[in-house]
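I set out below what I looked up in this structure, entry by entry.

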Amino acid sequence: MKSAKRFFAAISAVAALFGASAFAPTSAAETAVAEEEVLLNFQVVSDIHYETGRASYQYPKFAEKFRNALAVNEEKFPDSDALVVTGDVTYMGKEAEYEGFFEDLKKYGTAPVNIVAMGNHEYEWDESGQKLTSRSDSDFSVKKERYMRYVSKYTGYTTENIYFDTWVNGYHFI
């Protein structure tokens with residue numbers, strides 16, 4: 001039952017962030033109970049796709065939407081324990097894209113813990129901007145190093161792995 005309550009609290013936080021109401025309590029009594037049982041409050045975002053340097057930029061408003069999501073987090077979840085970004089923070093894994101994303105996270109983010117996962121957009125293009133048809137070790141190692149360098153610089157999380165294995169307020173995030 002305790003796991004179900006934790007799950008409900010997490011889903012409620014995510015649903016509220018995006019304006020969904022499927023998980024929202026329906027009465028004042030349910031609201032009070034749900035608020036008392038929140039053990040961990042975190043928000044989840046994905047597919048930010050910061051992009052620079054292409055005339056055919058498909059996602060000009062993604063950075064703005066990310067900043068708006070961070071503003072909603074600050075307003076609605078001032079006591080948030082963490083922000084989880086599930087990948088694709090960049091469009092092509094370029095230095096400037098990481099700079100833009102992490103500078104916005106640093107400037108507008110308010111969560112004390114930021115977990116930023118590596119998505120396919122962080123490694124699927126080579127340095128010239130061509131989509132890779134195969135993932136060679138050298139291409140991936142360049143992208144892995146860049147991802148880990150930025151994550152370490154901006155979140156303080158250092159590891160040899162490209163996945164997170166960390167604890168937030170006594171709860172294990174992998």
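**Entry 1: Overall make-up**

I looked up burial and found that buried residues make up 39% of the 174 residues in the protein chain. Buried means under 20% relative accessible area, exposed over 50%, and partly exposed in between, with a 1.4 Å probe and protein chains only. I note that this is a predicted model, in which local features need pLDDT of at least 70 and side-chain atom pairs count only at pLDDT 80 or more, while totals for chains, interfaces and linings use all residues. Residues are numbered from 1 along each chain as its sequence is written, and side-chain values use heavy atoms, with hydrogens and water left out.

The protein chain has five helices and five strands. Read from the N terminus, the order of elements is α-α-β-α-β-α-β-α-β-β. Of the contacts between residues at least 6 apart in sequence, 69% join residues at least 24 apart; contact means heavy atoms within 4.5 Å.

I traced an open sheet of three strands in the order 1-2-3, with parallel pairing. Strand 1 (42-45) and strand 3 (114-116) stand at the edges with a single partner strand each, so one side of each has no neighbour in the sheet. Two strands pair if DSSP finds at least two bridges between them. On average, neighbouring strands of this sheet are turned by 15 degrees against each other, direction ignored.

Strand 1 pairs with strand 2 (residues 82-85) in the parallel sense over four bridges. Within this pairing, Phe 42 stands opposite Ala 82 in strand 2. Helix 4 (residues 95-108) packs on the sheet and touches strand 2 and strand 3; its direction makes about 165 degrees with that of strand 3. For these angles, axes are lines fitted to C-alpha atoms, for helices over the stretch in contact, and the values run from 0 to 180 degrees between N-to-C directions.

I then examined Ala 82, which is buried with a relative accessible area of 0%. The C-alpha atoms of Ala 82 and Phe 42 are separated by 4.7 Å, although the two residues are 40 residues apart along the chain. Leaving aside neighbours within four places in sequence, Ala 82 is in contact with Asn 41, Phe 42, Gln 43, Ala 111, Val 113 and Val 168.

**Entry 2: Aromatic pairs**

Rings of Phe, Tyr and Trp (its six-membered ring) pair if their centres lie within 6.5 Å; planes under 30 degrees apart count as stacked, over 60 as edge-to-face and the rest as tilted. By this rule I record 13 aromatic pairs. One of them is the stacked pair of Phe 66 and Phe 101, with 5.0 Å centre to centre and 25 degrees between the planes. Phe 66 lies in helix 3 (residues 62-76) and Phe 101 in helix 4, so the pair ties together parts that are 35 residues apart in sequence. Phe 66 is buried at 3% relative accessibility, and Phe 101 is buried at 0%.

The rings of Tyr 98 and Phe 102 have centres 6.4 Å apart and planes at 10 degrees, so this pair is stacked. Tyr 98 and Phe 102 are four residues apart in helix 4, and about one helical turn separates them. Ring pairs link Tyr 50, Phe 66, Tyr 98, Phe 101, Phe 102, Tyr 150 and Tyr 154 into a cluster.

**Entry 3: The core**

Which residues touch the most other members of the largest nonpolar core? Of its 33 residues, they are Phe 66, Val 85, Phe 101, Phe 102, Leu 105, Val 116 and Phe 173. Such a core is a set of buried Ala, Val, Leu, Ile, Met, Phe, Trp, Tyr and Cys residues joined through side-chain atoms within 4.5 Å. The largest share, five residues, comes from helix 5.

**Entry 4: Loop residues**

His 49, in the loop between strand 1 and helix 3, has a positive phi of about 55 degrees although it is not a glycine. His 49 is buried at 7% relative accessibility. Asp 88 lies in the loop between strand 2 and helix 4, and its phi is positive, near 60 degrees. Asp 88 is buried at 8% relative accessibility.

Methods. Helices (H or I, at least four residues) and strands (E, at least two) are DSSP runs, numbered from the N terminus.
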